[in-house]
Amino acid sequence: MYIKTFGCQMNERDSEIIEQLLAQEGYVPTAEPEGADVILINTCSIREKAEQKVFSLLGALRAEKANNPSLLLGVTGCVAQQEGEQIRDRMPHVDLIVGTQQIYRLPEMLERLRQRVTSKEIATNMETSFVIPPFQKLLADAPLSPAPLGFKRFVTIMQGCDNFCSYCVVPGTRGREISRPVADILEEVEILVNQGVREITLLGQNVNSYGTTNQVAAVQVTFPHLLRRVASIKGLRRLRFTTSHPKDLSEDLMRCFAEIEILCPHFHLPVQSGSNAVLQRMNRKYTVESYLEKVTALRAHRPDIALATDIIVGFPGETEADFQATMDLLNRVRFHSSFSFKYSDRPHTRSAGFDDKVAEEEKSRRLSVFQNRQDHICFERNSEYIGKEVDVMVESVNNGELKGRTPSNHIVHCAGADAHLLPGEIVPVQIDQAGKHSLKGIICAKH
Ligand code: SAM
Ligand code: SF4
């Protein structure tokens, strides 16, 4: 049976879980929708007009379904969660609607549809569950062929979010924040490391508050404790985490960057805006001043830390002065990288109802001013690595061209690499060139 999954970057981890759950049932991924037995659209509504895109893709797939009546067509993720009823009413050719918390039920739902026990399957209740336990058990019981998992993986440590930033759909689509038991996380990391994984990124919307809100019974530790426990797993070479909310960044977590050897000096700390007035309307619960203090403290603990951030331009009511404050913040912190977005109204968020929306052309102008300046800073920041020796974890080697990453998450290219180098191996590289988005270097002779 062939399955085609449409996904997006924001919910890559969910798409991965879906594919792995279904691989255990014998489904084989296929590149094209034509000829597939199952087509799943795994949706994310954090930005842009996700709903419209889903409806138009579903419309386009109507003909595919008419040609092949046994094809099963499903929608999973945020849009299924938020717009499940609309999908059911407007797109009767959709067989399966599965919300964010129910993806682990996909195999049984597909089986019922295939056996014609039911003609439609809808599961959108928000009861939180962690999907990984049955999956990790499968991995432990039936180890896969060499390195099927690659050398780096995400591990979910919490779900949902309690912060209710006024522009954000996550609390509505993913539910309240809940932390996963420590023992389950450690077990999953151990299984992955035993399968050859060398780098783990711990994943949650606000990992800084791990263990402090809506604890499940077995959670008794804070995020810094969890980091120390995960870091002690033998064979793990690099540890990362994402994402962090600035208001919950503790001194203890900052110390981890100085004390945990395998914790990579790369920190994604979304600031969103450099204007206190905008931050307040965003309900971010910190000020520009407190953010800057944390940046200074972090750099005191780990001077080589590479800071990344998220920025929204054109939030309702953002004046030119507010935008200039964001530019000032960029110039003060000089982030190593950033993800920047034009504000967009998202369904059922508070800011969708705010007045003073910024015109589309003005949002585009501000975004390009911000991104041009960030590109320039990226280049200057990257140039600081010229002449330095860095450890590069190999991602691929093609025709002697090595691509890998530094602990600070910079992409590095090197010519003349040994074809026997494997993904996940670490090689010392002397950096000799910098671009806006990557570095170039020479593999050190001693290797
Ligand atoms: N939990 C993280 C945090 O607190 O920053 C990240 C959340 S969100 C999944 C990823 C990014 O999408 C946000 O940091 C924000 O910059 C952007 N984003 C979320 N909602 C948005 C909206 N309505 N318009 C534009 N960008 C948005
Ligand atoms: Fe959304 Fe992040 Fe705010 Fe949570 S903390 S509401 S995920 S932006």
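A hairpin of four residues links strand 18 (residues 426-434) to strand 19 in this predicted model. Helices and strands are DSSP runs numbered from the N terminus, with at least four residues (H or I) for a helix and at least two (E) for a strand. Strand 18 and strand 19 pair in the antiparallel sense over five bridges, where pairing requires that DSSP find at least two bridges between two strands. Within this pair, Q433 has K440 of strand 19 as its bridge partner. Strand 19 (residues 439-443) also pairs with strand 17 (residues 411-414), in the parallel sense and over three bridges. There, C414 stands opposite G441.

Residues are numbered from 1 along each chain as its sequence is written, and chains are lettered from A and ligands numbered from 1 in the order in which they are written. Because the model is predicted, local features need pLDDT of at least 70 and side-chain atom pairs count only at pLDDT 80 or more, while totals for chains, interfaces and linings use all residues; side-chain values use heavy atoms, with hydrogens and water left out.

An open sheet of six strands shows parallel pairing in the order 2-1-3-4-5-6. Its edges are formed by strand 2 (28-29) and strand 6 (121-123), each of which pairs on one side only. Helix 5 (residues 106-114) packs on this sheet and touches strand 3 (38-43), strand 4 (72-77), strand 5 (96-98) and strand 6; contact means heavy atoms within 4.5 Å. The direction of helix 5 makes about 165° with that of strand 5. Such angles run from 0 to 180 degrees between N-to-C directions, and the axes are lines fitted to C-alpha atoms, for helices over the stretch in contact. Strand 1 (residues 2-6) and strand 2 run parallel and are joined by two bridges, and Y2 has V28 of strand 2 as its bridge partner.

A further open sheet, of three strands, has the order 7-10-11 with parallel pairing. Strand 7 (152-156) and strand 11 are the edge strands, each pairing on one side only, and the twist averages 25° from one strand to the next. Five bridges connect strand 7 with strand 10 (residues 199-203) in the parallel sense, and K152 is partnered with E199 of strand 10. Helix 1 (residues 12-23) lies across strand 7 and strand 10 at about 95° to strand 7. Helix 9 (residues 223-231) packs on the sheet as well, touching strand 10 and strand 11, and its direction makes about 150° with that of strand 11.

Ligand 1 is surrounded by 16 residues, the closest being R47, Q205, Q272, D310 and S344; a residue is near a molecule if one of its heavy atoms lies within 4 Å of it. An oxygen atom of ligand 1 is 2.7 Å from an N or O atom in the side chain of Q272, and a nitrogen atom of the ligand is 2.8 Å from a polar backbone atom of S344. Strand 13 (306-313) and strand 14 (337-342) are the elements that give two or more residues to this shell. Ligand 2 has a shell that includes C161, C165, C168 and H245. Q205 and R284 also belong to the shell of ligand 2.

Two backbone features occur in loops. The peptide bond from T242 to T243 is cis, with omega near 5°, and T243 lies between strand 11 (238-242) and helix 10 (251-259). R334 has a positive phi of about 50° although it is not a glycine, and R334 is found between helix 13 (320-333) and strand 14.

How values were computed: A polar contact is a pair of N or O atoms within 3.5 Å; within protein, one must be able to donate a hydrogen and the other to accept it, and residues adjacent in sequence count only if both atoms are side-chain atoms.
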